[in-house]
Every structure is written in C-alpha cells, then in structure tokens.
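Please open the model in your viewer and keep the selection panel at hand. The stops below are meant to be taken in order.

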Amino acid sequence: MSKKKLVVLSGAGISAESGIKTFRDNNGLWENHDVTEVASPQGWAKDPHLVLDFYNQRRKQLYECQPNNGHYGLVELEKYFEVSIITQNIDDLHEQAGSSDVLHLHGELKKVRSTTDESLVYDLEGWELKWGDTCEKGSQLRPHIVWFGEAVPAIETAIEIAARADIFVVVGTSLNVYPAAGLLNYVPSATPIYIIDPHQPAFTPSKNITFIQEKGTEGVPQLINLLTN
Ligand code: APR
C-alpha cells in the first residue's frame, strides 16, 4: 500500500529551540532591526551595506546552530508517510536534519542571486556576501531571500502540494504572513490538520483541527504518537 501524503507548513518556531529567534515575539523587531530596513527592496536600495551585513550575521549564526528534535521528528515521519515540507524559514535545518523534500517559500540564507537576473542563483561559500561580489554577468549579488513586497515564486508549487495532503501539519508559524498562511485554504476539507505551537496562532477553529499546544521538540514527538498508535 502506498504511503499517505503528509504535508508540513513550518515557520520560525520550529527553529527557535536551535537558537534562531522568531520574528513576531520581539516587538516587531528582527534582531533589533525594523524589518523594512533589512528585508525589503526599499531597504536594499537605501543601504545595501546594512542589508548585506544583516544577512551575513544571520548566516554566521546559522553556521553555529544545529537541528533540534522537532526537525528530526519530521524526518522520522518519513518512515510512515510521504512527507513534504513547505517552510517559511530561510535556514536549512530541515535539510541538515535529513528531510528529503523541502520547499522554501521565502528563500534560502545560504544562497545568493544576481540583482539583474533572478535565475542566476548560487550557493554561497562561507557566511559572508560582500559588496562587489558579482554574478557571472558582472552584477552585484544579493541574498536569495523573498523580501517584503516581493512575489513568492514557490507559492504555486506549495498550493499544489497542500491540495494533495492526506494529513496537514502546521508547526511554529504565527500564520500572519500571506500567501503562506493562505495555504490552509487549499487543504482538502476532509484532511485532518494538526497545529503545533506553544501559543495559539491565528487560525479559525474547525472540527478537523487538532491544536497541540507545545514547543516543537515536545509537540512533534506527540504528533508521531498520535499518528502511529
Ligand atoms: N516551537 C514551536 N513554535 C514556537 C516555538 C517553539 N519552540 N517558539 C515560538 N513558537 C511559535 C510562536 O508562538 C509563533 O506562533 O512560532 C511562531 C513564530 O511566528 P513568527 O515569528 O511570526 O514566524 P513565522 O510565522 O515563521 O513568520 C512568517 O514572516 O517575517 C516574515 O519572512 C518572515 O518567514 C517569515 C514570515
């Protein structure tokens, strides 16, 4: 018998216990910065040095972090289900843990891309992207991140994945940011939804939704128990 399809939508909360700060628990500031300064096309136009430095620091921090039992639990679920992860996170902790199918909605911290040809995407060696680092066409490279106000190119693929879910799991996202939060609308109506979060995110309660009020490292093992016993 083929395995059921289990789709995960993850957010900053799953990486919190690895030491990466979430966004909306800090008075609207992200590592002491107004997000529009460091994560928008306007911010990049105004002060690209600040933006490069900001993401360099995030990247440096990521190299010091390891996946936690939340990430590893999602890997374990691959024994029982065909698991696809749709993540809003720019870290690669799902991949480091060993998840085999991860779609990044908001880009990837360890990748960079051309400022003139968005199809030119590269793996960055090390943590530092410098002003003057260029693509093969000679244009400045920027972080491979979807900034506020930019399109989310992976959303169409994410919608197709969500629409095929037999089980849908939401972990560590406040469900404040669209279009990611809107993915719940594409989950088939008979599909059970499990939400793991220590604080209740902004979802509309329905009979299909089970809320597991726990951190990722506790909640994912509980989910495995629920689904496999
Ligand atoms: N385990 C699980 N969830 C946790 C934990 C934890 N240990 N700690 C906090 N959380 C929850 C919070 O309760 C909150 O609901 O994680 C959620 C984090 O929400 P946000 O900070 O809003 O992060 P996220 O939903 O991923 O943000 C979406 O917004 O800033 C943009 O592009 C950025 O991808 C990001 C997007």
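The tour goes from the domains to a loop residue, then to the cysteines, and ends at a pocket.

This is a predicted model, in which local features need pLDDT of at least 70 and side-chain atom pairs count only at pLDDT 80 or more, while totals for chains, interfaces and linings use all residues. Residues are numbered from 1 along each chain as its sequence is written, and side-chain values use heavy atoms, with hydrogens and water left out.

**Stop 1: the domains.** Colour domain 1 (1–20 + 67–106 + 150–229) and domain 2 (21–64 + 112–145) separately; these bounds come from an automatic or database domain assignment. The C-alpha centres of the two domains lie 25 Å apart. Their contact (heavy atoms within 4.5 Å) takes 14 residues from domain 1 and 13 residues from domain 2.

**Stop 2: S18.** Select S18 in the loop between α1 (12–16) and β2 (29–30), where helices (H or I, at least four residues) and strands (E, at least two) are DSSP runs numbered from the N terminus. Is S18 buried or exposed? S18 is buried, because its relative accessible area is 13% and buried means under 20%, exposed over 50% and partly exposed in between, with a 1.4 Å probe and protein chains only. Leaving aside neighbours within four places in sequence, S18 is in contact with C65, Q66, P67, N68, H71 and L93.

Stop 3: Moving to C65, a contact of S18, you will find a buried residue at 7% relative accessibility. E64, in the loop between α4 (48–63) and α5 (69–76), is exposed at 62%. C135 is buried, with a relative accessible area of 6%. The structure holds zero disulfides (pairs of cysteine sulfur atoms within 2.5 Å).

**Stop 4: the second largest pocket.** Select R113, E118, H144, V146 and P153, which lie nearest the centre of the second largest pocket, among its 22 lining residues. A pocket here is an open set of points on a 1 Å grid over the protein atoms alone where a 1.4 Å probe fits, with protein on both sides within 12 Å along at least five of seven lines, and lining residues have an atom within 4 Å of a point. The volume is about 400 Å³, taken as the space filled by probe spheres set on the points. β6 (107–114) is one of the strands supplying at least two lining residues, and its four residues are the largest share. Domain 1 and domain 2 each give at least three residues to this lining.
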